[in-house]
Amino acid sequence: MIRPRKVFGQHWLKSEKALDAIIKAAECTQGDRSDKGDRVLEIGPGTGILTRRLLPLVQSLVAVEIDRDLCELLAKQLGKTENFLLLQGDFLTLDLPSHLAAFPNFQKPNKVVANIPYNITGPIIEKLLGTIANPNPEPFDSIVLLVQKEVAERLYAKPGSRTFGALSVRVQYLAQCELICTVPAAAFQPPPKVDSAVVRLRPQKREIPALEPRRFENFLKLGFGAKRKMLRNNLQSVVERDRLTHLLEQLEINPQSRAEDLSVQQWVTLVNELGVGSRE
Ligand code: SAH
């Protein structure tokens, strides 16, 4: 077994059960001549445990791994596999389309399946989905990720729950999020300090988008700023309390609501309606 490097967040997944759950959630098809199969992107293939399982199930697999030594090993073991392309580099800065341009057999991936390094979960999700102001213009069909359980809980949290926060709104604005299963720390070698979970994100277009996305993000930041405070207090600096109370009533939202009580759609409507005459 390759010795894991802490700096790259390396924890090798060893649980068959977790691997099965990830594979099942990805719903991959190989396709045939008439039917286009799935082109999968894997971030951080590591020693290739997930990679090897995915390869026979997909049309093609592009993996991005930062660790040169691992890349060498993977290239030795899987380099001859026709539908596999390994790119060495930092996923966060790598320009995938320009790399793929050199490999006509590898089209743009339509799915992501990965057990990612937890220290860069936020930036990875942002690169995959984009932001509210700049959504990924070519969204993936689905994204299956193994993440820290605590982050997973925020991703699929429902409004009104303890874990529903600004991250929940930002991500759920861009994608439907669901929990596939939880994965105990003991499923990895070495075990991380925290438990994990498999989540599936399905990017979606919002029927009613935020009219001014940057403003929307700013309101989210302020609204969720001071925890457990009413929205009208947290937003005091940008909208008069009376005006907000009135608008919340009009939208049939309890004026004493906190940021975490509003659904994503309610958030969008509220900020869109506040468009005129607020004091930013
Ligand atoms: N998928 C493997 C490894 C998971 S550990 C398994 O399930 O066993 C996370 C992997 O991501 C490691 O291989 C690590 O080297 C790699 N990694 C860390 N930072 C990365 C980055 N910025 N870009 C690409 N890969 C990265």
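The legends below describe close-up views of a predicted model. In this predicted model, local features need pLDDT of at least 70 and side-chain atom pairs count only at pLDDT 80 or more, while totals for chains, interfaces and linings use all residues. Residues are numbered from 1 along each chain as its sequence is written, and side-chain values use heavy atoms, with hydrogens and water left out.

**View 1. Strand β6 and its parallel neighbour β5.** Strands are DSSP runs of E with at least two residues, and helices are runs of H or I with at least four, numbered from the N terminus. Strand β5 (residues 111–115) pairs with β6 in the parallel sense over 5 bridges, where pairing requires at least two DSSP bridges between the strands. Valine 112 has isoleucine 143 of β6 as its bridge partner.

**View 2. The antiparallel side of β6.** Strand β9 (residues 196–203) runs antiparallel to β6, and 6 bridges join the two. Isoleucine 143 has leucine 201 in β9 as its bridge partner.

**View 3. The contact between domain 1 and domain 2.** The domain assignment, automatic or from a database, gives domain 1 as 6–203 and domain 2 as 213–274. Their centres, taken over C-alpha atoms, are separated by 34 Å. In this view, 14 residues of domain 1 are in contact with 13 residues of domain 2, contact being heavy atoms within 4.5 Å.
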